[in-house]
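Work through the exercises below with the sequence and the model open. Each task is followed by a solution in steps.

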Amino acid sequence: MKHLVIYAIINLVFGKLHLVVTQIDYILKRRQRMKKREKWGSKIGFIMAAAGSAVGLGNIWKFPYTAGENGGGAFVLIYLIFVALIGFSVMLAEFAVGRRKNLAAVGAYKSVDKRWTFAGVIGVLSGLLIMGFYPVVGGWALAYIFKVFNGLLSSPDQIGTIFDSFIVNPTQPLIWMGIYLLLNVVIVSRGVSSGIEKAGKILMPLLFLILIVITIKGLTLKGAFEGVEFLFKPDFSKITAKVILSALGQAFFSLSLGMGCMITYGSYLDKKENLVSNAGLVTAMDTGVALLAGLAMFPAMFAFNIEPAAGPGLVFVVVPQLFADMGSVGLIFAGLFFLALTVAALTSSVSLLEVVVAYLIDEKNMSRIKAVSVSATIMVIMCVLASLSLGGIGPTILGKGLFDVFDLLTDKIFLAIGGLLLAVFAGWKLDKEELKNEVTNGGAVKFGLFGFWYALIKYVIPVTIAIVAASGIYSGFQSGVGGLMVMGVAIIGILAIFSKKL
Ligand code: PHE
């Protein structure tokens, strides 16, 4: 029975892969069609690609533990406010800029003003840095598909220890990370064909369903309600500058914003598509999955007496524990959960890799194969160092291991400032009427809130991000990460100075 299940899972992973790879095919086709000025006709295809990029480890792995570390309810509330006001607005602006300019991120900035090229390049750098740790976690998810069938669930009290010793092991996680990254490379370099619709139609609902099963199971445990309270009852005394910046970073990371990904996707969108509803739908789906993941984890955590601030291991400990007492049904659910998590991670990381690859092809005239090889080589080195840093091995920067450095620089600095720059660019460098025309499809789409949105983009969002980032950096000095954050800002400054050469 066990072997049969493992066999079925392996089949599922590799059988479904060709569906996952279609996301990149979507991108490739768009690029080709773009040249021919042809556009993709299917709305659902676009939604699935954009939502595929947005929904990933950010929602299911990062959101719950970041909420846990930042005090729960108050963090969630601020996160939701940021998603609604800043996330949605920036996504709409990214779609509009991309479609208006008909170019990927760097090209879109560059075509308007070469002094702005750096804003696109920061996005490429963010993609590279995120890919310096994302595949490490993607590798854990992949490994756990197999681990759950290898006796992980048979000793529930050991699950936490098993995770802790797995991630600090100097070789095992590296192998899984390597396989995970290889899958990305295959997908991005080959652009295997098939329908993204199919991938999305099967895997997104599967993930959603399993999260619902986990939630129901978690809520029936004794003491579960405390978890719901922790997640949704804000304790305002917990709000600090660090919590606010974390919520902002989480909103950007989870929605794939602030790094040009959605600009590129927008450039493939048909002129007839409604940008407002597309941005609304993607934002809603992404946020829904994050909240559901929180609801799936916290009740169970409180029931199991796991610390809310348990850190990056949370999902890898709570989910197996939850299914441990359900026999073979539990095994299958846990296996399917990690399968769906791996696939959700893949559809996000291919969009990250593609941002870097597209830059090398478009701006550095590399062939696709060369661009993929160059980026993947750099990413492997970064990921190896990031993975080893969890076991305390390898170089540190200003006292932090590389896993934390890559995460912190992107999540707390680059994405938010990338979003700020995009907002300033859209609000101040583009013409208001031009933007209005793009967002409303020349007046065909009713968007009564255009004036409000425009004011947000032009004034409120840049100012808010600047204040949140500045106070976050200031408070970072108390927790020993201020220096790193300042380093991130300095990198942006240097790129800005050399913008015309990038
Ligand atoms: N949004 C993805 C996630 O939540 C990560 C990502 C960030 C993807 C930025 C693309 C760009 O996992």
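**Exercise 1: two helix pairs**

The axes of helix H15 (residues 275-304) and helix H16 (residues 314-323) come within 10 Å and cross at roughly 75 degrees. Helices (H or I, at least four residues) are DSSP runs, numbered from the N terminus. The model is predicted: local features need pLDDT of at least 70, side-chain atom pairs count only at pLDDT 80 or more, and totals for chains, interfaces and linings use all residues. Residues are numbered from 1 along each chain as its sequence is written, and side-chain values use heavy atoms, with hydrogens and water left out.

Step 1. Axes are lines fitted to C-alpha atoms, for helices over the stretch in contact, and angles run from 0 to 180 degrees between N-to-C directions. Angles under 35 degrees count as roughly parallel, over 145 as roughly antiparallel, 65 to 115 as roughly perpendicular and the rest as oblique.

Step 2. With its crossing at roughly 75 degrees, H15 is therefore roughly perpendicular to H16.

Step 3. On the H15 side, Met297, Ala300, Met301 and Phe304 meet residues of H16 that include Leu314, Val318 and Gln321 (contact: heavy atoms within 4.5 Å). This contact has 9 nonpolar, 1 polar and no charged residues. Ala, Val, Leu, Ile, Met, Phe, Trp, Tyr, Cys and Pro count as nonpolar, Asp, Glu, Lys and Arg as charged, and the others, Gly among them, as polar.

Step 4. The axes of H4 and H13 come within 11 Å and cross at roughly 175 degrees, so the two helices are roughly antiparallel.

Step 5. Among the residues in contact are Gly58, Asn59 and Lys62 in H4, and Ser246, Gln250 and Phe253 in H13. By class, there are 2 nonpolar, 6 polar and 3 charged residues.

**Exercise 2: the ligand shell**

Task: describe the residues around the ligand and their polar contacts.

Step 1. The ligand is surrounded by 14 residues, the closest being Ala54, Gly58, Tyr134, Phe253 and Ser256 (a heavy atom within 4 Å). The shell has 6 nonpolar, 8 polar and no charged residues.

Step 2. Look for polar contacts (N or O atoms within 3.5 Å). Backbone N or O atoms lie 2.9 Å from a ligand oxygen at Ala54 and 2.8 Å from a ligand oxygen at Gly58. For Asn59, a side-chain N or O atom is 3.3 Å from an oxygen atom of the ligand.

Step 3. The protein covers 100% of the 330 Å² of accessible area that the ligand has on its own (Shrake-Rupley method, 1.4 Å probe).

Note on methods. A polar contact is a pair of N or O atoms within 3.5 Å; within protein, one must be able to donate a hydrogen and the other to accept it, and residues adjacent in sequence count only if both atoms are side-chain atoms.
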